[in-house]
Amino acid sequence: MELDLSSGALPALSLVRDVVSAVDLRELDVYLADDGYYAAGLPRLRAIVAEQYTTQGLPTGPEQILVTSGSQQAVWLCASSLVAPGDEVLVEEPSYRGAIEAFRTAGARLTGVPVRRDGLDLDHLERVAHRAALLYCQPTAHNPTGISWPAASRERLSEIVGRHDVLTIEDRSCADLVLDDPGVRPPLPDPAKGGSVIRIGTASKLLWGGLRVGWIRAERPMIVRLTQAKAALDLAAPVIDQMVTAELLAQADRARQERTARLRAHLAEAAAVLAQRRPAWRWTPPHGGTALWIDTGTDAVALAERARRRGVLVTAGPAFSPSNAQRSRLRLPFWRPVDQFAHAVELLE
């Protein structure tokens, strides 16, 4: 039997079962009387997501929200709609592999901007921003490193992209999984002039991946453009999933507390296992997310292949690199039960 650690996706919270079993059928009857195609998303869900952004310091109206089939579709919509073949797109080095794949498929030329222990290398960004069509970044609970940027870095990035008029995608998919600080870190500030920021979010990380509900937050003309592109793909997101998500997001604070408590406990157990069994591996405690970004000090690609033959699936660093770098790195999810995690580590040699 394989032990799949190639993904950091989490099982559902118990809250999900409670809400699914308590769906208001009277509300469902209203939707059943219609055709079920809400191209931009259910109005109630759009209003709830907009209110969350407003509470986080970014005033938002429902017309600025497009509901998508998960954040992965949101990334692909942005890549396919906003990038022309040959455009230079800046991504983090390393970065979320799903975004790398999406921009490559759109024909972009990818340029990596190094990620340091305190976030994106903004001096490097300053040198290359003038020639970029778009910047994709994850300032909170970055995947795969788990880094969250300090406020000063967020403000400086906003100033840089504004000055160079760079369209920026802030992927906040893991923003609900912050481990080192209670609450939700605010979105990137909007540039004072020039440029604009598109935000991507999801219910999948906090609640359950089986709820294929994500969203895009942008100015209304952009939402109209992306809604038209989405409708050409799948007409609309599933109504019942959106109803459940709307109910769950009303209890988001409770969900974050439960996720954070569990992830912190798993992280402590994983750290103890690694200290005992792989003391030569180097890693920085993550600010958020579900995985460790480990420097194995060896060829992690070969290590992952050996592990696969022993029944453990893990993902080596090059999958997260726009330049096929990060060869000594391994992304290792830590949320599994400690016996499974320890067994996997034993086979990673």
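Visitor: What is the strand order in the open sheet of eight strands?
Guide: Two strands pair if DSSP finds at least two bridges between them. Strands are DSSP runs (E, at least two residues) and helices are too (H or I, at least four), numbered from the N terminus. This is a predicted model, where local features need pLDDT of at least 70, side-chain atom pairs count only at pLDDT 80 or more, and totals for chains, interfaces and linings use all residues. With mixed pairing, the sheet has the order E2-E9-E8-E7-E6-E3-E4-E5.

Visitor: And which strands stand at the edges?
Guide: Look for a strand with a single partner, so that one side is left without a neighbour in the sheet. That picks out E2 (65-68) and E5 (119-120).

Visitor: In what sense do E3 and E6 pair?
Guide: Residues 88-93 make up E3 and residues 134-137 make up E6, with two bridges between them. Val89 has Leu134 as its bridge partner, while Leu90 stands opposite Leu135. The sense of the pairing is parallel.

Visitor: How many bridges join E6 to E7?
Guide: E7 covers residues 167-171 and runs parallel to E6. The number of bridges joining the two strands is four.

Visitor: Are the E6 residues Leu134, Leu135, Tyr136 and Cys137 buried or exposed?
Guide: Leu134 and Tyr136 point one way from the strand, and Leu135 and Cys137 the other way. Buried means under 20% relative accessible area, exposed over 50% and partly exposed in between, using a 1.4 Å probe and protein chains only. On both sides of E6, these residues are buried.

Visitor: What is omega for the cis bond joining Asn143 and Pro144?
Guide: Pro144 is placed in the loop between E6 and helix H7 (151-163). For the cis bond from Asn143 into Pro144, omega is about 25°.

Visitor: Leu235 isn't a glycine, so what is its phi?
Guide: Leu235 lies in the loop between helix H8 (220-234) and helix H9 (239-249). Its relative accessibility is 44%, which means that Leu235 counts as partly exposed. Phi of Leu235 is positive, near 70°.

Visitor: Is Asn324 buried or exposed?
Guide: Asn324 is in the loop between strand E12 (315-316) and strand E13 (329-333). Phi there is positive, about 60°, although Asn324 is not a glycine. Because its relative accessibility is 53%, Asn324 counts as exposed.

Visitor: Zooming out, what radius of gyration does the protein chain have?
Guide: The rule for a globule is 2.2 Å times the number of residues to the power 0.38, with the radius taken over C-alpha atoms. For 349 residues a compact globule would come out near 20 Å, so the chain agrees with that. Its C-alpha atoms fill a box of roughly 60 × 50 × 35 Å along the principal axes. The chain's radius of gyration is 20 Å.

Visitor: What percentage of contacts between residues at least 6 apart in sequence join residues at least 24 apart?
Guide: Contact here means heavy atoms within 4.5 Å. Of the contacts between residues at least 6 apart, the share joining residues at least 24 apart is 75%.

Definitions and conventions
Residues numbered from 1 in each chain as written. Heavy atoms only, no water.
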